[in-house]
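Thanks for coming. I'll go through one structure today, element by element, and keep it short.

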Amino acid sequence: MGEVQSLSVKAARGAGMEWGLAEEAGMATRWLCGFGLPGVELLSDLLRQQADAVYEELCPQTNAWPWYANGGKLCPLITGATICDRADVVSEDEGFALLGTACPLLLVPFIGSAAKLSGKTMRVSWQHVVVYVSAIGVTVEGDMDLLLCSHTPNVAISHATSLQGDEQKQTFRAEPSEGALRGLERLAQRTYAPETEKSRLSGAGAGLTDND
Amino acid sequence: MGEAENIHPRDPNLVMRLDRLGSFHQSRLSFMRQLLRRLVREKWRFEQTVFDFDENGVGHAVYTAHGPERSYSLVAFGNDLPPEKRSDRVIATEWDTAFTLFDGVPEQNDIDRLRSNVPKQEAGRVSENELTLSRANRSVRLWEHVVERLSQGAQPDIEKVIDVGYLMRTTAVYGSGKFGAADRAQIAERAEFQAPFQVEMLTVYLIRTFVMDLVEHMARKRAPETAVPLDPELRRNFGIGNSTGLGMAPFLINHPALLNAWVGVREEALCRVRQVVHAQPQDITTINTLLARAILHAAHWHSEHPAQISKLRDLRADLEKLQQHLHDFVATGALPWNALWLWVEENLSLEGQEQCASLLIELYPELVDPLTACMSTDEQMTFPIDGSMRLSRLREIVEDIYGWALKTDWAQVDAKARVWYTSEAKLEPRLGERFEEPLEPYEQPLGPGRDAALLYQALVDSHHHTVAAFLLEHPEHRHIARRAQIAARLPYAEIRDNTISAEMMPIDMLRMKLSFFGACHFDPRSDRWVRINMFQHAPFPHELCAETSDSWTLPPLPIAAQ
């Protein structure tokens, strides 16, 4: 699980995200995997979708509800982090809405973090699926296939009185698909400096006298 | 002198400097010491269930440690390593020995699977039944000498033994889910693994046991008629060496909550000792004995690195001064240890100060040991950012925690001469020269000082009122804003020093972490590579008992001096 988080941070960075947001990507992916949800697949999908986009096209415009992105597709990591930063937003009783959002399941770890901090149960829904999250767990109601949804026109986030639907069991080992894993590894690769003779000899320090 | 209430843990601006962190010594709070205290308290039982090696050291062994609820087995594989392949670097591909700590007692199919993977280390894969992955190489200097002497029926030369201090050194001990091994979360609920790095420490403790059995075995193979085992007292002079490179330095910066937990506990421990109102006569005897042993320890400590040679000179001079001071020390007044501490701060170098801190912590186990429960933490808990924080408050925090960085002239080449990166080759952490190599695009976020200076400027220029609004516009400052908020709540979370300057020595960070492991005899081989000794003088599993389990780190005094 630690490996998945570390890889996700590097992949997000390799895809061009700032380190602070890449760390959010790592946290979110690990969180989803920890509940047996397809975090790696979604992150791989998201980073592919956002390959040529710039931050200003992906971040939420927050002057009024519903939030939207100038580029038409909100990044769930940036949006989730922004929601989490604004604890006041989460304690709004009316709930709130987002327009076009990529990989909406990636919002849930952030809503989960806010739920934990506020002690409330939250519900996140798009199309025919609802994800409930509280400090004690995650449940899903509706069409499970929609968890892998790449893009949705609307997301609704509100309070709930209790967790409903099928419980997502916690797990210690992520089982990501090979394809998604390779996708993240390719992006992570961009954060590693190519080997040169100079850096091999001097960069780590052991040099020629380490064997005695 | 003041009342006890006026004695507080030391200011982080004093403690969290690289030169001081690079002068830390092991203490009773260290992870190695915690392990051995537990093994005795819980009456762990050890057995060597398999030992099958030829005259070239090729074969395997299984050592099982039985705790009150669970058992763990070190599975060791030996190799006939060609000398030209022997290397401590992460990029090595073969080693003298390879190890894994198995969660339980392995069956034959486990051993077969492990034989195919463990000797390959990073190139192999282990399962959630394995807790650690490790490897060790011989000390070429000492190995042959010991085998030769023992095979002839003689003991090795004590001078040579003390000079090196180990027969093998590990070059990595991987835990926490690396290469397929069990994730930390999987074992975090087990009492025996609550303290930090206990799986790694148990692994090394068993490796030491195995290595000593192996060297005696090789001597017997060479000359079965004449070979003898090591004399028990001499045997304990062998620890397990370790060769540590840069990887540990990023670890400290990337785990601020953990860093705060370790240093915070140490500072609280020192504070509690300083607050003790009256010293008993036996406490005075104890500190004098400890000091004599520390002097012996410093005498046995060798290095060829100029910086370390200079520090050792300071340490030895400091300890002589301290011994002289204690000779005349009147401990009958109130707060005697605080009086001593204030003298130490005034009169000794950083090495002497931090050695003395470790000695003082030894005096009152009942005050200090309960603090060890606070040395583990969940880094995830400090992750969320408080977006409602006012920008003015964040500015104050930056001025407090990163004041040193705001005074640094970041336009100077020397201030940011270094760049931390990860190489493609085996994902090895490295430190490069920013202005000499094209590494900037690959820079890791390990220079919080410079990041804080950039953040500060942006905060000054910003029209926003909250951190949330600011970060939405400036995602590039999210990372450092998080760090600043963490450090505001956790005083020892941030190294308050330049980690990318031309003068920065990674060995300072390595030593800090290794001192918490319980390592001794730091021997830098460069500014970024250090040799240490682990478990030297510790009782072996068959020697563990209440009397020996906690007093072993400093060398025993010669009988006459006791």
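To start: which residue follows α5(B), and is its phi positive or negative? The residue is Gly153(B), and its phi is positive, near 90 degrees. Please keep in mind throughout that this is a predicted model.

α5 of chain B covers residues 140-151, which is 12 residues. Several of its residues are buried, including Leu142(B), Trp143(B), Val146(B), Val147(B) and Leu150(B). His145(B) and Ser151(B) are buried as well.

β5 and β6 of chain B belong to an open sheet of nine strands with mixed pairing. The order in chain B is β1-β2-β3-β4-β5-β6-β7-β11-β10. At the edges are β1 (45-53) and β10 (520-526) of chain B, each pairing on one side only. Neighbouring strands are turned by 25 degrees against each other on average, direction ignored. Looking at one pair within the sheet, β7 (residues 239-244) and β11 (residues 529-534) of chain B run antiparallel and are joined by five bridges. For a specific position, Gly241(B) has Asn533(B) in β11(B) as its bridge partner.

β8 (residues 418-423) of chain B runs antiparallel to β9(B), with five bridges between the two. One of the bridge partners here is Pro429(B) in β9(B), which goes with Thr422(B).

In soluble globular proteins, nonpolar side chains tend to be buried together. The largest nonpolar core here has 153 residues, and those touching the most other members are Phe210(B), Trp262(B), Trp337(B), Leu360(B) and Phe535(B). Helix α8 (residues 198-222) of chain B supplies the largest share of this core, 14 residues. A second, separate core has 66 residues, among them Ala28(A), Cys103(A), Leu105(A) and Leu106(A).

To finish with Phe535(B): its contacts beyond four places in sequence include Met32(B), Leu36(B), Met201(B), Tyr205(B), Phe238(B) and Trp552(B). Arg208(B) and Gly239(B) are also touched by Phe535(B).

Notes. Residues are numbered from 1 along each chain as its sequence is written. Chains are lettered from A and ligands numbered from 1 in the order in which they are written. This is a predicted model: local features need pLDDT of at least 70, side-chain atom pairs count only at pLDDT 80 or more; totals for chains, interfaces and linings use all residues. Side-chain values use heavy atoms; hydrogens and water are left out. A nonpolar core is a set of buried Ala, Val, Leu, Ile, Met, Phe, Trp, Tyr and Cys residues joined through side-chain atoms within 4.5 Å. Buried means under 20% relative accessible area, exposed over 50%, partly exposed in between (1.4 Å probe, protein chains only). Helices (H or I, at least four residues) and strands (E, at least two) are DSSP runs, numbered from the N terminus. Contact means heavy atoms within 4.5 Å. Two strands pair if DSSP finds at least two bridges between them. Axes are lines fitted to C-alpha atoms, for helices over the stretch in contact, and angles run from 0 to 180 degrees between N-to-C directions. The expected span of a helix is 1.5 Å times one less than its number of residues.
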